[in-house]
Amino acid sequence: MPEKTFSDQQIIDSLNARRGKIISKTGGWFPGKGVFSHGYSMMDDLVGKKSYFQIVILNATGKMASAEFAHWVEVGYSCLSWPDPRIWCNQIGALAGGVRTSAIAATAMGVLATDSRTYGVYPLKEGVQFIQAALVNHQQGLSAEQIVASVPSRGGKPLIVGYIRPIAKGDERIRAMASIAEGYGFPMGPHLALAMAIERVLQEKYDEGMNVNGYVSAVMADHGFSPDEVYQIFTTLVASGVTACYLDTYHQPLDSFLPLRCDDIEYQGTAKRAVPTAE
Amino acid sequence: MQEKNANQVRSRNEIFAERTSTKIYLEQASDDNPYIASAAVCHGYGVNEVMAKKSFADVFYLLFRGELPTPDEVQILQQLMIALINPGPRHPATRAAMNAGIGKTDPAHILPIGAALLGGEHQGGGIVDEAMRFLRKQQTTDAATSAAAHLESSTPIPGFGAYYGGIDILANKHAAQLAQLPGAGKALQWGMQMSRALEAQGVGWLMPGVAAAVLSDLGFQPRAGVCLYQLMGAPGVVAHGLEVANKPITAMPFVADEQYFIER
């Protein structure tokens with residue numbers, strides 16, 4: 001067993017050089033001098049002059065988006081701020097209200113739940129990855145139909161993140177976001193054009209369509225954002241809906257949200273048995 | 001953009017379960033109130049009976065594995081739990097908990113804050129599942145050969161690595177101590193050979209790797225390994241957070257402006 005660490009002295013030296021120091025590539029607050037973010041003076045250049053969502057995008061990516069684009073992102077947040085506690089993240093908020101946690105705990109834990117492989121924010125990464133890769137393939141000659149045919153399928157339908165919405169068919173949120181984009185005159189980019197072509201294939205062959213993930217992923221890709229940047233911009237996407245669900249149950253009687261009797265849980269485990277005596 | 005009304009919202013009318021089911025726990029209803037349990041059963045064993053007859057580590061194992069452990073199994077599990085009980089005051093999870101404590105954050109939040117950081121992929125539970133899968137797959141290969149191949153290709157070895165530029169001596173000591181126990185299994189023994197083969201390069205066991213080996217040998221699933229690492233480290237994280245909770249914010253360092261550099 002080693003008592004010697006066989007360490008790399010250069011790493012030790014580089015760590016020593018950083019002890020007690022903060023070296024930031026982003027910004028910081030210097031009392032009396034100002035607050036700086038990505039090269040901007042926050043109080044002089046940003047606060048009151050840029051929208052909150054422009055600052056959200058700046059902090060998430062280092063990029064300053066236009067007011068119009070930031071508003072479109074805000075509309076995306078609005079679309080995901082539904083106060084329905086059947087949605088998994090929102091139900092965490094509702095359950096939190098029932099046990100009287102703080103509103104911040106409830107909201108933060110609901111947001112955490114959207115780091116999910118099946119819904120919420122994390123799949124946006126895969127949505128952007130898909131449409132970016134699909135566009136490369138499309139530009140190399142693959143048609144939308146061939147792209148759909150090339151993906152794995154489940155239950156006889158192609159499995160593509162951003163298409164085929166769970167729980168319901170169709171997605172009213174796309175119309176809401178698209179109308180804002182059209183109002184601002186955002187040009188149709190190649191990612192969105194391909195996404196719509198893919199949707200047409202799905203409609204014709206499977207009676208399925210795009211969901212809000214597919215639409216947002218395509219527009220974000222057209223605006224030059226990477227999969228990670230999109231994930232970072234939308235980290236707290238569902239927060240407001242979770243807060244709403246928390247408050248709904250917080251103000252209702254204790255234990256009254258979807259109360260469960262003992263026999264509402266089906267026990268499928270081992271039958272009652274005695275603890276074995278020590279050998 | 002929507003043709004054929006494909007975006008007209010229609011429920012899929014999927015069939016959901018009418019009741020939630022579990023193999024872990026049975027709460028037996030009382031005679032006069034179906035919401036109040038009069039007895040609880042964990043994988044078949046009455047909770048009051050195991051309270052009286054079994055250790056915490058026994059029941060911890062039972063909860064996740066469905067059966068009570070053998071004496072050898074519970075011995076190595078309990079020693080692992082003690083090895084992991086405190087990531088130490090320098091671990092980012094502990095520092096986050098201490099930040100919460102010194103900042104007078106609601107004490108109820110110290111645990112989730114610390115546990116979230118203890119789920120990271122670097123020095124946390126976030127790598128335990130990958131390390132468990134790696135150790136399971138590797139047991140038929142020669143450890144020295146595998147070590148040489150990884151060093152040659154500079155590919156990461158899940159559960160092993162350099163820690164602050166060198167070998168994590170504590171992790172290696174814990175692994176060696178655990179490997180002496182009768183409950184030590186193939187993954188841990190293979191990992192010991194791996195760490196010896198890597199030693200001269202300043203690479204060795206990392207704590208998540210040690211946990212992965214023991215948990216793998218005990219039959220836990222990789223996904224459980226992530227959460228168990230968080231659970232087992234939580235006591236120390238919380239203890240450090242609470243230790244500073246009554247102190248003024250000046251009791252911990254605050255980097256001076258002169259030591260704050262913005263590089264762009």
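Mentor: A pocket is an open set of grid points with protein on both sides within 12 Å along at least five of seven lines. The model discussed here is predicted.

Trainee: How much space lies in the second largest pocket?

Mentor: A volume is the space filled by probe spheres set on the grid points. For the second largest pocket, that space is about 1,800 Å³.

Trainee: Which residues are the closest to the centre of this pocket?

Mentor: The lining of the second largest pocket has 49 residues. Those closest to its centre belong to chain B: P89(B), R90(B), H91(B), R95(B) and Y164(B).

Trainee: Which element gives the largest share of the lining of the second largest pocket?

Mentor: The elements giving two or more residues include α1 (9-18) of chain A, and α3 (71-84), α8 (169-179) and α11 (222-243) of chain B. The largest share amounts to 5 residues and comes from α4(B).

Trainee: How many residues of that lining are charged?

Mentor: The lining of the second largest pocket has 27 nonpolar and 15 polar residues. Its charged residues number 7.

Trainee: What area do chain A and chain B bury between them?

Mentor: The contact involves 69 residues of chain A and 64 residues of chain B. Carbon and sulfur atoms account for 57% of the buried area. The area buried between the two chains is about 5,800 Å².

Trainee: Which residue forms a salt bridge with K173(B)?

Mentor: Across the interface of chain A and chain B, the rule finds 3 salt bridges. In the one formed by K173(B), the closest N and O atoms are 3.5 Å apart. The partner of K173(B) is E3(A).

Trainee: How many residue pairs are in polar contact between chain A and chain B?

Mentor: This count takes pairs in which both residues are at pLDDT 80 or more. The number of such pairs is 20.

Technical notes
Residues numbered from 1 in each chain as written. Chains lettered and ligands numbered in written order. Predicted model: local features only at pLDDT ≥ 70, side-chain atom pairs only at ≥ 80, totals over all residues. Heavy atoms only, no water. 1 Å grid on protein atoms, 1.4 Å probe; cavity = no way out; pocket = protein on both sides within 12 Å on 5 of 7 lines; lining within 4 Å. Helix = DSSP H or I, 4+ residues; strand = E, 2+ residues; numbered from the N terminus. Nonpolar A, V, L, I, M, F, W, Y, C, P; charged D, E, K, R; others polar. Contact = heavy atoms within 4.5 Å. Buried area = accessible area lost by both parts, 1.4 Å probe. Salt bridge = Lys/Arg side-chain N within 4 Å of Asp/Glu carboxyl O. Polar contact = N/O pair within 3.5 Å; in protein donor to acceptor, adjacent residues only side chain to side chain.
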